[in-house]
Amino acid sequence: MRGDPCTLGRDNASSGSSEASGDAAAEVVEIIAIRHVADMRFGLFASPGNASTITVGADGSFSAAGDVASSTNMPQPTGGRGPAEFIVEQAGNRGGTVFIPGTINVSNGSETMVINSITGRLVVISGAGRDRVYRLDLGGTLRVNAYQAPGAYIGDFDVTVVYN
């Protein structure tokens with residue numbers, strides 16, 4: 001099927017025609033895959049009298065500062081605290097960049113808290129070269145307001161992987 005003709009400059013020389021062929025090419029590559037394994041979890045704690053922070057590190061470490069610190073010793077459910085975890089599968093010989101959020105808002109109805117100082121780490125769990133599988137761990141600092149209303153606070157966030 002021929003498309004619209006393009007007109008070239010014309011002189012008074014003989015009018016003949018010539019034709020050549022070329023190829024069009026495209027390659028569909030394997031995608032970099034990412035899947036969610038675990039949520040970022042700050043565990044159970046009591047509402048503080050003053051603004052406080054709870055930090056869960058990307059390495060699983062935990063610390064609390066302010067009035068909330070004394071209540072973080074209460075028994076925690078299984079998996080009560082820990083970083084968010086994702087599996088990132090690299091595709092063939094293609095590198096990628098992971099983008100993590102700068103802040104996450106969590107809410108319980110009209111009450112909110114903010115998670116900031118979000119950090120990430122990639123840990124190779126299998127493969128070699130550019131055909132690796134990574135675990136992405138994300139930690140952050142939960143800003144607990146003074147007299148924070150009791151309840152379960154939830155917020156969602158996106159993690160994006162793009163080809164380099």
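Asp137 pairs with Arg135 in a salt bridge whose closest N and O atoms lie 2.8 Å apart. The model is predicted. Arg135 is partly exposed, at 24% relative accessibility.

Asp137 also forms a salt bridge with Arg121, with closest N and O atoms 2.9 Å apart. Asp137 sits in strand S10 (residues 131-144) and Arg121 in strand S9 (residues 111-128), so this pair ties together parts that are 16 residues apart in sequence. Asp137 is buried because its relative accessibility is 2%, and buried means under 20%. Arg121 is partly exposed, with a relative accessible area of 32%. Shared partners join Arg121, Arg135 and Asp137 into one salt-bridge network. The search of the whole structure finds two salt bridges.

| Salt bridge | Closest N and O atoms |
|---|---|
| Asp137 with Arg135 | 2.8 Å |
| Asp137 with Arg121 | 2.9 Å |

Where does Asp67 lie? Asp67 is in the loop between strand S4 (62-65) and strand S5 (81-82). Asp67 is partly exposed, and its relative accessible area is 36%.

Beyond neighbours within four places in sequence, Asp67 is in contact with Pro48, Gly49, Asn50 and Ser52. With Asn50, there is a side-chain link: a polar contact of 2.9 Å joins Asp67 and Asn50. The C-alpha atoms of Asp67 and Ala51 are separated by 7.4 Å, and these two residues are 16 residues apart along the chain.

Definitions and conventions
Residues numbered from 1 in each chain as written. Predicted model: local features only at pLDDT ≥ 70, side-chain atom pairs only at ≥ 80, totals over all residues. Heavy atoms only, no water. Salt bridge = Lys/Arg side-chain N within 4 Å of Asp/Glu carboxyl O. Helix = DSSP H or I, 4+ residues; strand = E, 2+ residues; numbered from the N terminus. Buried < 20%, exposed > 50% of the residue type's maximum accessible area, 1.4 Å probe, protein only. Contact = heavy atoms within 4.5 Å. Polar contact = N/O pair within 3.5 Å; in protein donor to acceptor, adjacent residues only side chain to side chain.
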